[in-house]
Amino acid sequence: MASSEPTHEHREKKEEVEEANGADDEDTGAEVAPIVQLEQVAVSTGEENENPIIDLKAKLYRFDKDGNQWKERGAGTVKLLKHKETGKVRLVMRQSKTLKICANHLVLPTMTVQEHAGNEKSCVWHAPDFADGELKDELFCIRFASIENCKSFMETFQEIAESQKKQETEDGSTAAGLLEKLTVEDKKSEEKSEDKTREGDVKEEKAEDKTKEGDGKEEKAEDKDAEKKDESASA
């Protein structure tokens with residue numbers, strides 16, 4: 001009758017296999033270095049020198065003149081950013097997943113934003129936009145998740161446009177003042193130059209007068225010499 005129990009040799013092989021399997025599962029604590037080393041790269045957004053004034057989620061549309069209809073431009077975050085040095089403010093909007101720019105333009109003093117007819121969550125405005133790498137005159141419409149966000153965007157946008165208009169006026173006045181100052185200084189320089197020219201003319205006239213006097217004296221001397229010669233000849 002054959003025995004169902006494994007032989008001694010079989011038991012030893014079985015134990016060796018189990019030990020090997022156990023060794024595979026055992027955590028040795030060894031660290032395996034990655035095959036490829038990845039370096040951390042700093043990504044520039046182009047917004048490092050700007051401070052955000054407003055940052056809201058929205059959906060942007062642009063009006064297609066050829067098709068005479070609104071077309072979706074992208075859904076993401078719209079920002080109004082103020083430059084730390086120049087004080088200029090620009091509107092930037094990126095798509096949420098791809099971060100592709102769908103709007104990028106300065107907020108100019110001539111711009112106005114208005115509520116879109118029939119929708120209190122949307123507003124429209126014209127802008128020379130640079131999102132595609134070249135300036136294009138666009139008519140934008142933006143829709144927010146709430147009426148409050150739309151009102152906040154419109155009020156901030158309009159305040160910035162007004163402040164830019166004020167700044168432009170101040171800059172113009174400053175420039176006009178500088179020009180006026182330069183003009184006054186130029187006039188003074190011209191007057192000084194004219195005075196010097198007149199002084200030079202007067203000196204030249206005096207020199208001519210002296211020359212004439214000298215010539216007159218020479219003529220008198222010559223006349224006296226001639227008279228003496230005549231007197232000598234008569235004697």
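Reader: Of the 235 residues of the protein, what percentage count as buried?

Author: The model is a predicted one. In this model, 20% of the 235 residues count as buried.

Reader: How many helices and strands are there in the protein, and in what order do the elements run from the N terminus on?

Author: The protein has two helices and seven strands. Read from the N terminus, the order is α-β-β-β-β-β-β-β-α.

Reader: How should I read aromatic pairs, and how many does a search of the whole structure find?

Author: The general idea is that two rings pair if their centres lie within 6.5 Å, and that planes under 30 degrees apart count as stacked, over 60 as edge-to-face and the rest as tilted. A search of the whole structure finds six aromatic pairs. One of them joins tryptophan 125 and phenylalanine 157, whose ring centres are 5.7 Å apart.

Reader: Why is the pair of tryptophan 125 and phenylalanine 157 tilted?

Author: The planes of the two rings stand at 50 degrees, so the pair is tilted. It also links distant parts of the chain, as tryptophan 125 belongs to strand 6 (residues 122-129) and phenylalanine 157 to helix 2 (residues 147-234), 32 residues apart.

Reader: Are tryptophan 125 and phenylalanine 157 buried or exposed?

Author: The cut-off for buried is under 20% relative accessible area. Tryptophan 125 counts as buried because its relative accessibility is 1%. Phenylalanine 157, at 0%, counts as buried as well. A further tilted pair is formed by phenylalanine 144 and phenylalanine 153, with 5.3 Å from centre to centre and 45 degrees between the planes. Phenylalanine 144 and phenylalanine 153 are both buried.

Reader: Which residues do ring pairs link into a cluster?

Author: The cluster consists of Trp125, Phe140, Phe144, Phe153 and Phe157, linked by ring pairs.

Reader: Let us turn to charged side chains. How many salt bridges does a search of the whole structure find?

Author: In general, a salt bridge is a side-chain nitrogen of Lys or Arg within 4 Å of a carboxyl oxygen of Asp or Glu. The search of the whole structure finds seven salt bridges. Among them is the bridge between lysine 79 and glutamate 47, in which the closest N and O atoms are 3.3 Å apart.

Reader: Which parts does the pair of lysine 79 and glutamate 47 tie together?

Author: Lysine 79 lies in strand 2 (residues 69-83), and glutamate 47 in the loop between helix 1 (8-25) and strand 1 (50-64), so the pair ties together parts that are 32 residues apart in sequence. Lysine 79 counts as partly exposed because its relative accessibility is 23%, whereas glutamate 47, at 14%, counts as buried.

Reader: Where in the chain are glutamate 50 and arginine 90?

Author: Glutamate 50 and arginine 90 meet in a salt bridge of 2.7 Å, N to O. This pair links distant parts of the chain, with glutamate 50 in strand 1 and arginine 90 in strand 3 (residues 89-95), 40 residues apart. Glutamate 50 and arginine 90 are buried.

Reader: What are the places of aspartate 132 and arginine 73?

Author: The side chains of aspartate 132 and arginine 73 form a salt bridge (3.1 Å, N to O). Aspartate 132 is in the loop between strand 6 and strand 7 (136-144) and arginine 73 is in strand 2, so the pair ties together parts that are 59 residues apart in sequence. Aspartate 132 is partly exposed, with a relative accessible area of 42%, while arginine 73 counts as buried at 19%.

Reader: Which residues do salt bridges that share partners join into one network?

Author: The network joins Glu47, Lys79 and Arg94.

Reader: Which residues form a negative surface patch?

Author: The patch is formed by Asp201, Glu204, Glu205, Glu208, Asp209 and Glu213. Glutamate 213 is in helix 2 and is exposed, with a relative accessible area of 52%.

Reader: Finally, I turn to the backbone. What is the phi of asparagine 68?

Author: Asparagine 68 has a positive phi of about 55 degrees, although it is not a glycine. Asparagine 68 sits in the loop between strand 1 and strand 2 and is exposed, its relative accessible area being 59%. Leucine 99 has a positive phi near 60 degrees and is a residue other than glycine. Leucine 99 is found in the loop between strand 3 and strand 4 (101-106).

Note on methods: Residues numbered from 1 in each chain as written. Predicted model: local features only at pLDDT ≥ 70, side-chain atom pairs only at ≥ 80, totals over all residues. Heavy atoms only, no water. Helix = DSSP H or I, 4+ residues; strand = E, 2+ residues; numbered from the N terminus. Buried < 20%, exposed > 50% of the residue type's maximum accessible area, 1.4 Å probe, protein only. Patch = residues over 30% accessible without salt bridge, like charges linked within 9 Å, V, L, I, M, F, W, Y side chains within 5 Å. Areas by Shrake-Rupley, 256 points an atom, 1.4 Å probe, with all protein chains shown as cover. Lys, Arg positive; Asp, Glu negative; His and termini not counted. Charge placed at Lys NZ, Arg CZ, Asp CG, Glu CD.
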